[in-house]
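Q: I am new to this structure and would like to learn how to read its features one by one. Could we start with how the surface is described?

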Amino acid sequence: MTRQSIAEELESAADRIADISRADLQIILRRAALMLRNVSGVPLEPATEDALNSIAAEMKIGRSDLIRIVLREWLETNAYMPVLSVDEDSETDGSA
């Protein structure tokens, strides 16, 4: 589950608090607690946050996926991590 889906689930439970069972509420709250416990966020400037969120929405990927991609590409570009490349002289099963 994503943080967004857990947030939506919590909001939905709050809207129908009188109708939700104790067991369902307990499950939702435990999921939320687990998600919060596992969050290791990095504080970013508001302009950076906005840019990341806009680009992630444009690319139709999650914000954390975008951060992973950007970080990996930066590490490869600056030679902190080896670049995985395809040898053009190697044989492949596909046709050219």
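A: Buried means under 20% relative accessible area, exposed over 50%, and partly exposed in between, with a 1.4 Å probe and protein chains only. Tyr80, which has 61% relative accessibility, therefore counts as exposed, and its place is in the segment after α4 (63–77). This is a predicted model, in which local features need pLDDT of at least 70, side-chain atom pairs count only at pLDDT 80 or more, and totals for chains, interfaces and linings use all residues. Residues are numbered from 1 along each chain as its sequence is written, while side-chain values use heavy atoms, with hydrogens and water left out.

Q: What pLDDT does the chain average?
A: The predictor's confidence in each residue, from 0 to 100, is called pLDDT. Where it is low, the predicted coordinates should not be read in detail. Here the chain averages 83, and 84% of the residues score at least 70.

Q: How many salt bridges does the structure hold?
A: Side chains of opposite charge can pair when their charged atoms come close. A salt bridge is counted when a side-chain nitrogen of Lys or Arg is within 4 Å of a carboxyl oxygen of Asp or Glu. The structure holds four, and one of them joins Glu9 to Arg31, with the closest N and O atoms 3.2 Å apart. Because Glu9 lies in helix α1 and Arg31 in helix α2 (residues 22–37), this pair ties together parts that are 22 residues apart in sequence; such helices are DSSP runs (H or I, at least four residues), numbered from the N terminus.

Methods
Helices (H or I, at least four residues) and strands (E, at least two) are DSSP runs, numbered from the N terminus.
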